[in-house]
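Good morning, and thank you for coming.

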Amino acid sequence: MAKRLLDFRSDTVTRPTPGMRAAMNAAEVGDDVFDDDPTIHALEARLAEILGKQAALFVPSGTMSNLIGLRVHCQPGDEFLCEAGCHLFHWEQSGYAQIFGLAARPVPAPDYILRVEHLEGLPRGDRDNETRTRLVCLENTHNRGAGRINPFDNIKAISAWAQANTLRRHLDGARLFNAVVATGIPARDWAALFDTVNICFSKGLGAPVGSALAGDKETMTRARRIRRVLGGGMRQAGVIAAGALYALEHHVERLAEDHTNARRLGELIAANDGLTLSPAQIDTNIIYFEVAPRHGTAGEFVKKIATQGLLVLPVSRTHVRAVTHLDVTGDDVELAGEILRRVCPE
Ligand SMILES: *Cc1c(COP(=O)(O)O)cnc(C)c1O
């Protein structure tokens, strides 16, 4: 029998479950460009309800969702404030600049957690020679921050500060439901602190494709038009929306298992000489660890354990990322621990 591949590279590697495939197979579809697809409508309505927003828009990817989220709040030449390590600044090719002529104003913050004190005094635009600041973007949970949860009260303070400064507020909530399950604070409470929210179905929720942007009706009407120019009008996409809807109904509460598995995997990683959790804290489903030079570079170490059937992701010369998800069981985590112990003898 083929050895089971232990794939901890990302929570995007999940395969649709039989139940999800059945839902996708049975999905009623229409032409979404004609706004005719009942399954997409059902998904958008359900997500809007969960987030307490007036409307939502299904899009192919989180990258497109964030890009639209930026454009609905900013005109060409405007800037947005964001934490310097966030996904939409780091890993989305500056699409906001390439495609829409927007400027990012990245703000460094310890542990990737932006606070009001970092933002104070930054908004500008009263003078003719200034760039106008329109928007604040936050990410929760934070991808490069090892799945860190931005504390609710901190986000509440930033949200109030943004309103006092007439700035709009966008949340990259690719993994918002991980924060919801880990804290017990409902999604609608987090979402209420933002004008627009991006949600990814293809991360921890385990759907094969798709993200959505949620906000008020007027903003989502404009978002729909922007989706079209980006090539995001997808016709009978109810087939994939059915997977996302299934994920929303069946895969939210179970994220707690991913968090338990991540904490256990963290223990098993840290038990080896020359592997150090960095950061030490594991809030949700993402682990970063540092590889001591005697194990080689992170890339060399990752190659070595891949030959044993354990896949993780090198993220720098010294650091590696491991992520738990729907296709990882508690037994898989123990097996991963055994492989690491073999590869890192005392
Ligand atoms: C994955 C991710 C995105 C982008 O999603 P894609 O579907 O890969 O385009 C955006 N933000 C965060 C925090 C992510 O982890």
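Is Arg124 buried, partly exposed or exposed? At 34% relative accessibility, Arg124 counts as partly exposed, because buried means under 20% relative accessible area, exposed means over 50%, and partly exposed lies in between, with a 1.4 Å probe and protein chains only.

A word on the basis of these values. This is a predicted model, in which local features need pLDDT of at least 70 and side-chain atom pairs count only at pLDDT 80 or more, while totals for chains, interfaces and linings use all residues. Residues are numbered from 1 along each chain as its sequence is written, and side-chain values use heavy atoms, with hydrogens and water left out.

I turn to the salt bridges. A salt bridge here is a side-chain nitrogen of Lys or Arg within 4 Å of a carboxyl oxygen of Asp or Glu. By this rule the model has 19 salt bridges.

Arg124 takes part in one of them, with Glu79, where the closest N and O atoms are 2.8 Å apart. This pair links distant parts of the chain, 45 residues apart: Arg124 is in the loop between helix H6 (116–119) and S5, and Glu79 is in strand S3. Helices (H or I, at least four residues) and strands (E, at least two) are DSSP runs, numbered from the N terminus. Glu79 itself is buried, at 1% relative accessibility.

Glu79 also meets Arg105 in a salt bridge, at 2.9 Å from N to O. Here Arg105 belongs to strand S4 (residues 103–107), and the two residues are 26 apart in the chain. Arg105 is partly exposed, with a relative accessible area of 22%.

A further salt bridge joins Asp78 and Arg134, with closest N and O atoms 2.9 Å apart. Asp78 sits in the loop between helix H3 (62–73) and strand S3 (79–83), whereas Arg134 is in strand S5 (residues 133–139), 56 residues apart. Asp78 counts as buried at 5%, and Arg134 as partly exposed at 29%.

Finally, the ligand. Which residues are closest to the ligand? Of the 13 residues that surround it, the closest are Gly62, Thr63, Asp172, Arg175 and Lys203; a residue is counted if one of its heavy atoms lies within 4 Å. A nitrogen atom of the ligand is 2.6 Å from an N or O atom in the side chain of Asp172. For Arg175, a polar side-chain atom lies 2.8 Å from a ligand oxygen. H3 supplies the largest share of the shell, 3 residues.

Terms used: A polar contact is a pair of N or O atoms within 3.5 Å; within protein, one must be able to donate a hydrogen and the other to accept it, and residues adjacent in sequence count only if both atoms are side-chain atoms.
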